[in-house]
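Tutor: Take a look at the model below, and then we'll go through it question by question.

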Amino acid sequence: ALKGDGSEEVTISTRNEYVALVVRHLLFDRVEEQLGALLNGFYSVLPQSLVSIFDFQELEFVLCGLQSINMEDWKEHTVYKGDYSRSKANHKVIKWFWAVVRDEFTEEQRARLLQFTTGSARVPVGGFSMLRGNDGGMRQFTIDSVDISTSIFPRAHTCFNRIDLPVYKSKADLCNYLGKAIQMELRGFGLE
């Protein structure tokens, strides 16, 4: 039973509580024993006091390290939408984007950009052609345009492996705002 003896009826006024209880049950309660065993084993190797100082992204970097990201594979398996769809990799903003990511970003910044856009700093074993969305389906890395009057910063849609990249007026602006977005770890969870 999710609450009490399980006989309480779900109504309009109690539906939010019901959904919260179902989510808690699915994510925690039904795997409580397994999760407890996993955490006990994990904390026996790495004490909780040492691990608790990291957020989930930093912990991923500590546990997995940085991999070398194949820029050609990344570019080859990128889809362009909006203003970028006609010219694709030949659009001036897209050329600036790839030049900044390739020439001006460190490997860590590339990983942060990947994490900002996809939710993970790791490339799948099969490369960028194997990127998946949160629904488990294949979702290529996607760059969509957004008018600069709508947003000065890039926005990420991690469920779709998509970044909304403003149509910047200069490479310097692109470098500045993209760098700030990943440095500040902005989360652009968009609604579709």
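**Strands, helices, loops and pockets**

Student: Which residue in β2 stands opposite lysine 81?
Tutor: Strands here are DSSP runs of E with at least two residues, helices are runs of H or I with at least four, and both are numbered from the N terminus. In β2, the residue opposite lysine 81 is aspartate 144.

Student: What should I keep in mind about the model itself?
Tutor: Residues count from 1 along each chain as its sequence is written, and side-chain values use heavy atoms, with hydrogens and water left out. This is a predicted model: local features need pLDDT of at least 70 and side-chain atom pairs count only at pLDDT 80 or more, while totals for chains, interfaces and linings use all residues.

Student: How many bridges join β2 and β4?
Tutor: Two strands pair if DSSP finds at least two bridges between them. Strand β1 (residues 78-81) pairs with β2 in the parallel sense over four bridges. On strand β4 (residues 162-166), proline 166 is the bridge partner of valine 146. β2 and β4 also pair in the parallel sense, and their bridges come to five.

Student: How many of the six residues of β2 are buried?
Tutor: Buried means under 20% relative accessible area, exposed is over 50%, and partly exposed is in between (1.4 Å probe, protein chains only). Phe141, Ile143 and Ser145 point one way from β2, Thr142, Asp144 and Val146 point the other way, and all are buried. Strand β2 (residues 141-146) is largely enclosed by the rest of the structure, because the buried count is six of the six.

Student: How many residues of α2 are buried?
Tutor: α2 has 14 residues and reaches 20 Å from its first C-alpha to its last, close to the 20 Å expected. In α7, the buried residues include Trp96, Phe97 and Trp98. α2, though, is hardly covered, and its count of buried residues is zero.

Student: Asparagine 161 has a positive phi although it is not a glycine, so what is its relative accessible area?
Tutor: The phi of asparagine 161 is about 55°, and the residue sits in the loop between β3 (155-157) and β4. Lysine 88 also has a positive phi, of about 50°, in the loop between α6 (84-87) and α7; it is partly exposed at 42%. Asparagine 161 counts as buried, because its relative accessible area is 0%.

Student: Which element gives the most to the lining of the largest pocket?
Tutor: On a 1 Å grid over the protein atoms alone, a pocket is an open set of points where a 1.4 Å probe fits, with protein on both sides within 12 Å along at least five of seven lines, and lining residues have an atom within 4 Å of a point. Leu39, Phe42 and Tyr43 are among the lining residues of the largest pocket. Two or more lining residues come from each of α2 (32-45) and α4 (56-64). The top contributor, with three residues, is α2.

Student: How many disulfides are there?
Tutor: A disulfide is a pair of cysteine sulfur atoms within 2.5 Å. By that rule, the count is zero.

Note on methods:
Expected span 1.5 Å × (residues − 1).
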